[in-house]
Amino acid sequence: MTTPAPRPIAATIAAVVRDGHVLLVRRANPPDQDRWAFPGGKIDAGERLADAAARELLEETGVTAEPLHVFDAVDVFDRDDTGALGRHFILIAVLCRWVSGEPVAGDDARDARWVSLADLDAHALATSFGVAELAHKAADLMAAR
């Protein structure tokens, strides 16, 4: 009998844009260990998306932000060396408005900092797939507010 494929895991990512910079963390754990990505994580049972995004943001960076709305969703596949699927995450992107705090790495982040959109465009950092595209989308949405 074949083992069924794992069910997708719902998680949020918090996209915080301030003064032409986006808040990113360097992941301490798989998937995407040592790559720069948005702060985020698994949604707890009974937790609203906005609350999960704000909680994960605070836990990973010490930054407080107001969740505004969901603006995208991304599939992330965590595969082993043979290409077999280990985990499938569905990352739900929540646009957030910075309220207070400066980034300090916490929880499962190795580092946390504001990264300019220009640095993302120049590929100055090793980022998770789609980070630059989502950062620009979030910046455009914030500019339109």
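S128 touches D32, R35, W36 and A37, leaving aside residues up to four places away in sequence; contact here means heavy atoms within 4.5 Å. The model is a predicted one, with local features needing pLDDT of at least 70, side-chain atom pairs counting only at pLDDT 80 or more, and totals for chains, interfaces and linings using all residues. Residues are numbered from 1 along each chain as its sequence is written, and side-chain values use heavy atoms, with hydrogens and water left out.

S128 sits in the loop between α2 (117–121) and α3 (131–143); helices are DSSP runs of H or I with at least four residues, strands are E runs of at least two, and both are numbered from the N terminus. With 8% relative accessibility, S128 counts as buried (under 20% relative accessible area, with exposed over 50% and partly exposed in between; 1.4 Å probe, protein chains only).

Over in α1, the buried set is A50, A52, A53, E56, L57, E60 and T61. Viewed down the axis of α1, they fall within an arc of 160°, so they line one face of the helix (the arc is taken over directions from the helix axis to the C-beta atoms). Their packing partners are β1 (9–18), β2 (21–27), β4 (40–42), β5 (64–79), β6 (85–100) and β7 (109–116). Just past α1, G62 adopts a positive phi of about 80°.
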